Amino acid sequence: MLEAPVETIALLRTKLLGEFLESELVALGFCQLGCLDETIARYAVARDNDADATLAAMRGSIAWRQEMDIPSLVAGPALPSEKLEAIRHFNPQGFHGQDKDGRLVYIERTGYLDIEALLKVATPDDVLRAHVQKCEYKLNVLLPRQVAAAGTTAAKIVLIYDLENVGFNTFKTDVFTAIQRITAINQEHYPETLHKVYIVNAPFFFYGTYKLIEVFLSDRIRQKIAFVGSKAELIADIPAASLPKFLGGTCECFPGVAHGGCVSSASFTRTHYFVGLDAHYARSP
């Protein structure tokens with residue numbers, strides 16, 4: 001349970017259930033059955049336990065879920081396979097390993113993003129739709145499984161953005177727009193699921209770029225971001241076995257494959273993470 005006062009959670013539960021049936025909230029993926037208080041706590045903590053602001057945020061998320069038709073989104077693959085493959089090919093990413101406290105680690109190799117190639121196959125809305133399905137998989141499948149295995153500290157994830165190979169042309173208008181839209185979704189509709197962000201291999205010019213990105217972020221998120229000066233700093237928090245070799249670790253999931261097959265690449269998308277995600281949504285009713 002997150003650090004929200006019991007009385008605040010009780011008040012918000014009463015108000016929320018005065019407007020929605022819990023079964024409706026579960027069907028929308030807003031909470032899991034029997035876990036409404038945990039969901040309320042996440043929203044409350046993100047709003048500094050301001051009851052009115054929390055209630056407004058939850059209403060907004062419920063409306064967004066209705067508009068996005070989340071039940072349909074999680075009923076099968078988010079997009080046709082060629083679009084999903086393009087997103088994975090041209091934006092290397094994926095969950096890989098866990099930190100020393102059992103939190104799942106998500107890695108993006110931003111320097112290998114090819115936005116022009118990606119947008120020849122998928123639209124910005126496609127990218128957003130695929131992102132939301134990944135968030136639902138994280139929230140309702142991966143995190144509950146990890147908490148059961150490692151305890152409540154594992155209820156949040158760690159993000160690593162690897163900026164090796166980033167150039168002046170990486171952050172084009174399309175990329176900034178995607179960052180803004182995705183950041184808004186993450187903060188507004190999946191609050192308090194992030195433990196920490198590590199930014200590694202940042203070139204000097206990126207610090208100016210970051211000032212532009214920073215305006216999209218809440219104070220709580222900014223406080224969770226750390227620029228890592230050496231790979232040894234990562235290993236202090238994340239076991240070497242959970243880190244790919246390109247981040248100073250020892251893992252090669254698929255030796256000989258780009259990025260060690262630990263995250264997706266232009267030549268390989270059948271990572272352990274994406275195989276699990278695709279299998280899950282192939283089984284969805």
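Me: What should I know about the numbering and the model before reading on?
Reply: The model is predicted, with local features needing pLDDT of at least 70, side-chain atom pairs counting only at pLDDT 80 or more, and totals for chains, interfaces and linings using all residues. Residues are numbered from 1 along each chain as its sequence is written, and side-chain values use heavy atoms, with hydrogens and water left out.

Me: Why is strand β3 called largely enclosed by the rest of the structure?
Reply: A residue is buried under 20% relative accessible area, exposed over 50% and partly exposed in between, with a 1.4 Å probe and protein chains only. Five of the six residues of β3 (residues 157-162) are buried, so the strand is described as largely enclosed. The strand itself is a DSSP run (E, at least two residues, whereas helices are H or I runs of at least four), and elements are numbered from the N terminus.

Me: What makes the β-α-β unit of β3, α9 and β4 right-handed?
Reply: A crossover is right-handed if, with the strands pointing away from the viewer, the path from the first strand over the helix to the second runs clockwise. The unit made by β3, helix α9 (residues 173-189) and β4 is assigned as right-handed.

Me: Why is Glu192 called buried, and where is its place?
Reply: Glu192 has 8% relative accessibility and therefore counts as buried. Glu192 lies in the loop between α9 and β4, and its phi is near 55°, a positive value in a residue other than glycine.

Me: Why does Asn201 count as partly exposed?
Reply: Asn201 has 31% relative accessibility, so it counts as partly exposed. Asn201 sits in the loop between β4 and α10 (206-214), and it has a positive phi of about 55° although it is not a glycine.

Me: What makes the second largest pocket one that lies between two domains?
Reply: Domain bounds come from an automatic or database domain assignment. Domain 1 (6-68) and domain 2 (76-282) both give residues to the lining of this pocket, so the pocket lies between them. On a 1 Å grid over the protein atoms alone, a pocket is an open set with protein on both sides within 12 Å along at least five of seven lines, a cavity is a set of points where a 1.4 Å probe fits but cannot get out, and lining residues have an atom within 4 Å of a point. The second largest pocket is lined by 23 residues, with Glu38, Arg42, Val147, Thr152 and Ala155 nearest its centre. Helices α3 (36-46) and α8 (124-150) are the elements giving two or more residues to that lining, and α8 supplies the largest share, five residues.

Me: How many cavities of 30 Å³ or more are there, and which residues line the largest cavity?
Reply: The count comes to one cavity of 30 Å³ or more. The largest cavity has a volume of about 70 Å³, and its lining includes Leu84, Arg88, Gln133 and Phe274. Helices α6 (81-90), α8 and α13 (272-283) each supply at least two residues of that lining. A volume is the space filled by probe spheres set on the grid points, which are joined across faces, edges and corners.
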